[in-house]
Amino acid sequence: MYDGTSRPPLFTPARRRRALRAAAAAVLSAALLTAGCGSSQDTAKDAKAAASSADGFPVTVDNCGVKTTYDKAPARVVTIHQHPAELMLSLGLKDRMVGTAFSDSAVLPELKKDYEAIPELAKKEPSFETVLEAEPDLVYGGYGSAFAENEGRSRSAFADAGIDTHLNREYCGKKRVTMADTYDEIRTIGRIFNVSGRADKLVSDLQARVGKVTDAVEGEPEVPVFVYDSGDKTAFTAGGKSLGTELIRLAGGENVFAGLDDVFGDVSWEQVVERKPEVIAIYDYAGAGSVEQKKKFLLAQPALRDVPALRNKRFVVLPLTATLVGVRSAYAVEDLARGIHPESFR
């Protein structure tokens, strides 16, 4: 996987100018050899098309129903939420980032230095005006709230301001989220920034990481896992459409609420007891109470005392960002597997 440090562009400015001049000259020569037919305007169009093709542009992306054509790679990007920022940094795109906002948890150690070098626009989602002040040509959002219409940050509002937008595919809301979505998201960003080679390499590295874990737990019995996000009167948990459900499966477990037909949802504590989870995965993120507070709450509930996971104090802690479409999901598979099948990693 890319180590997070900045890399030079695939073409230096001088090489790019030489490539464009060469492409234009080739098209012009071909035009002059075709019996003098065709206008100079046609020739100019052909030269532009040849240059674009050499650069890998234009690139058209249909993202959550919004179609965007990029004639060149975005040069000034604001990311809202942590997982888009980590994805871009993992592709070596630090030099394109002019602002970040809303980190949920500690940044991956190998990306920390680069992440901290980018201006933080806001602790939560920045206002529309704050984003505009950074003068981005692209805003890349992680959660749907990045483009909250009621807060003036709709995608159409950015479009009216001449700014492109991209929303993490997890929030297109069409289907169950899988690791394939993670890989597709990485490749799509690779296309937009003309770094498809880096994207393919990153995907291969993440697939290898997941494959190593699945090999380690192959043949082990599936262990019932309950995801505790938050909640006291009811439990807010990951449903069958969440990426978390697939991460648990790949780690050799089974989400006890995989039958919940949503990404997240509320369930009763009686339902938790009935399903007898042997492991509890606690999602850790700012604003929902600390991990220790969550453990203390669960362990203090008399109704839950016979739940195997609590009786044996078997917890796996996952940063929320690790359960989303982004570079961390492959890491989460390993963390889960070590908690679910520790004997496979001794």
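Two rings of Phe, Tyr or Trp count as a pair if their centres lie within 6.5 Å, with the six-membered ring standing in for Trp. Keep that in mind while looking around this model, which is a predicted one.

**The ring cluster**

Across the whole structure, a search turns up 11 aromatic pairs. Some of them join up: F226, Y228, F257, W269 and F297 are linked by ring pairs into a cluster.

| Pair | Centre to centre | Between the planes | Arrangement |
|---|---|---|---|
| F226 and W269 | 6.4 Å | 80° | edge-to-face |
| Y228 and W269 | 5.9 Å | 50° | tilted |

Let's take F226 and W269 to begin with. F226 belongs to strand β8 (residues 223-228), while W269 is part of helix α10 (residues 269-275), so this pair links distant parts of the chain, 43 residues apart. Both F226 and W269 are buried.

What about Y228? Y228 also sits in strand β8, and its partner W269 is in helix α10, so their pairing ties together parts that are 41 residues apart in sequence.

**Charges over rings**

Rings can also have a charged neighbour. Look at R209: its charged end sits over the ring of Y331, 4.0 Å from the centre of that ring. Over at F147, the face of the ring has R155 lying over it, at 5.6 Å from the ring centre.

Where do the two cysteines lie? C64 is in the loop between β1 (59-63) and β2 (66-70), and C172 is in the loop between β7 (164-167) and α7 (179-192), so the pair ties together parts of the chain that are 108 residues apart in sequence. Is C64 buried or partly exposed? The cut-off for buried is under 20% relative accessible area, and C64 has 24% relative accessibility, so it counts as partly exposed. C172, at 25%, counts as partly exposed too.

**A cavity inside**

The structure holds one cavity of 30 Å³ or more, and the largest cavity has a volume of about 40 Å³. Its lining is made up of E170, A238, S242, G244, V263, F264, Y283, T323 and L324. Sorted by class, that lining has five nonpolar residues, three polar ones and one charged.

How values were computed. Residues numbered from 1 in each chain as written. Predicted model: local features only at pLDDT ≥ 70, side-chain atom pairs only at ≥ 80, totals over all residues. Heavy atoms only, no water. 1 Å grid on protein atoms, 1.4 Å probe; cavity = no way out; pocket = protein on both sides within 12 Å on 5 of 7 lines; lining within 4 Å. Points joined across faces, edges and corners; volume = space filled by probe spheres on them. Nonpolar A, V, L, I, M, F, W, Y, C, P; charged D, E, K, R; others polar. Phe/Tyr/Trp six-rings, centres within 6.5 Å; stacked < 30°, edge-to-face > 60°. Helix = DSSP H or I, 4+ residues; strand = E, 2+ residues; numbered from the N terminus. Buried < 20%, exposed > 50% of the residue type's maximum accessible area, 1.4 Å probe, protein only. Lys NZ or Arg CZ within 6 Å of the ring centre and 35° of its normal.
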